[in-house]
Amino acid sequence: MTSSRRAFWAVLVANTVVQSGWGAILPILPLFVREHGMPLGWMGVMASGFAAISFVAQLGFGRLSDIWGRKPLLVAGAVWEAVGTLAFVGSWPWPFYIVWRLVQGVGAGAFMPAANALVADLVPEAERGRAYGLLYASSSAGFTVGPLIGGLLGASGHLSRPFWAGAGLNTLAAFALVNWLPRHRPGRPAARPSRRASAFWSVWIRKLWPPFLLTFSLTGLSGMYDATWSLYMRGLGASNWVIGLSFSLFSLPLLLFSLWNGRLADRPGERRRWVLAGALLQTAIVVFYIVSRWAWASIAASVLEALAISLSGPALTTMVMESAPPDARGQVQGWFQASGTLGATVLALVSGLLLPYGTTRPFVAGAAWLLGVTVVIGWRWRGHPPAESAAGPHPGG
């Protein structure tokens with residue numbers, strides 16, 4: 001096995017463990033902070049604060065990964081997530097839990113741009129759709145295992161136990177990255193961006209703003225779910241264990257679909273079609289949540305939502321990275337990830353404002369926004385050929 005292949009699989013394994021640690025606390029977090037006195041209206045502030053600090057971190061850490069290499073940012077991200085997660089187990093006044101969520105956000109902001117950029121470093125352009133499908137699948141594997149662990153531990157009546165598990169998993173991921181990744185990534189760039197890196201932004205302004213706006217909207221729904229899903233499911237009569245299971249059942253088909261749909265993303269002429277199909281399907285499913293009155297019906301619908309996300313995610317990432325020059329991949333991924341995080345910030349904050357009026361009100365806003373964006377971008381893409389790569393040929397090709 002070549003060193004590049006070993007590094008690629010090391011990132012996949014570490015990403016699975018990191019996402020398991022994060023997912024372990026996800027179904028329990030709103031219930032935990034409510035138990036410790038956080039008012040309902042502050043749920044959106046906590047979720048949007050996590051997204052906002054991740055947004056700021058991604059903007060800076062993506063570029064730093066171009067300068068320092070991917071490994072330091074990956075390790076630091078896993079460590080910061082472990083620290084923030086472990087802090088929850090202490091006894092604090094409720095505002096401190098927002099602070100610990102911000103610490104977790106810094107870790108997420110360091111980890112994800114470096115991981116996505118490293119995949120582009122290691123994999124030839126013609127195979128990146130499948131590679132990003134595997135990366136999405138590794139995240140889904142973590143979200144399948146993590147919430148199940150969190151739900152089972154939370155069902156014991158001790159809501160702090162999922163946080164112990166999450167901190168341990170993130171620490172394990174950091175240890176694995178230290179030992180498995182090479183010290184320096186291949187092709188480490190100079191500190192200053194090249195002219196080709198600067199030229200990327202003119203391409204972005206002219207042709208690549210649709211993927212960024214779609215990522216803002218699609219990832220924005222995750223902020224909505226962070227703030228509302230557990231409370232929504234509780235309103236439908238779901239127990240802690242069923243809430244945790246709902247996250248796992250959502251992630252399992254996403255794992256399977258991403259492996260297949262990553263191959264679809266390697267077909268440049270079809271990427272836009274799959275992105276728009278995924279966005280429209282996801283809109284319809286969010287509308288279904290509004291009218292559903294049975295927890296298991298909503299869980300079943302979430303399986304279809306996983307299919308929709310797997311259609312859009314790898315294709316969008318591949319579209320952006322084919323236009324990124326090699327010495328600015330981290331910076332481009334930082335901005336791309338940050339656009340999604342900004343969407344999560346906005347929709348989490350909006351969800352928090354709407355929650356006091358009913359747990360389905362955020363879904364109304366999310367569905368309306370996503371439908372509008374999909375229609376606008378579908379019209380924009382109509383009759384326009386796909387953007388040409390700004391990166392040029394792969395260094396090894």
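**Cavity, pocket and core**

Mentor: Keep in mind that this is a predicted model.

Trainee: OK, how much space lies in the largest cavity?
Mentor: About 1,300 Å³.

Trainee: And which helix gives the most to its lining?
Mentor: That's helix α8, residues 195-235, with 9 residues in the lining of the largest cavity.

Trainee: What's the lining like by class?
Mentor: For the largest cavity you get 23 nonpolar, 20 polar and 3 charged residues.

Trainee: How many cavities does a search of the whole structure find?
Mentor: It turns up 5 of 30 Å³ or more.

Trainee: Switching to pockets, how much space is in the largest pocket?
Mentor: About 280 Å³. Its lining has 12 residues, and R5, F8, V123, P124 and E127 sit nearest the centre.

Trainee: Which helix gives the most there?
Mentor: α1 does, with 4 residues. Both α1 (3-25) and α6 (128-155) supply at least two residues each to that pocket lining. By class, the lining of the largest pocket splits into 7 nonpolar, 2 polar and 3 charged residues.

Trainee: Now the core. Which residues have the most contacts inside the largest nonpolar core?
Mentor: V33 and F363, in a core of 94 residues. Helix α5, residues 95-122, brings the largest share of this core, 14 residues.

Trainee: What does F363 touch?
Mentor: Leaving out residues up to four places away in sequence, F363 touches M224, Y225, T228, W229, Y232, V286, Y289 and I290.

Terms used
Residues are numbered from 1 along each chain as its sequence is written. This is a predicted model: local features need pLDDT of at least 70, side-chain atom pairs count only at pLDDT 80 or more; totals for chains, interfaces and linings use all residues. Side-chain values use heavy atoms; hydrogens and water are left out. A nonpolar core is a set of buried Ala, Val, Leu, Ile, Met, Phe, Trp, Tyr and Cys residues joined through side-chain atoms within 4.5 Å. Buried means under 20% relative accessible area, exposed over 50%, partly exposed in between (1.4 Å probe, protein chains only). Contact means heavy atoms within 4.5 Å. On a 1 Å grid over the protein atoms alone, a cavity is a set of points where a 1.4 Å probe fits but cannot get out, and a pocket is an open set with protein on both sides within 12 Å along at least five of seven lines; lining residues have an atom within 4 Å of a point. Grid points are joined across faces, edges and corners, and a volume is the space filled by probe spheres set on the points. Ala, Val, Leu, Ile, Met, Phe, Trp, Tyr, Cys and Pro count as nonpolar, Asp, Glu, Lys and Arg as charged, and the others, Gly among them, as polar.
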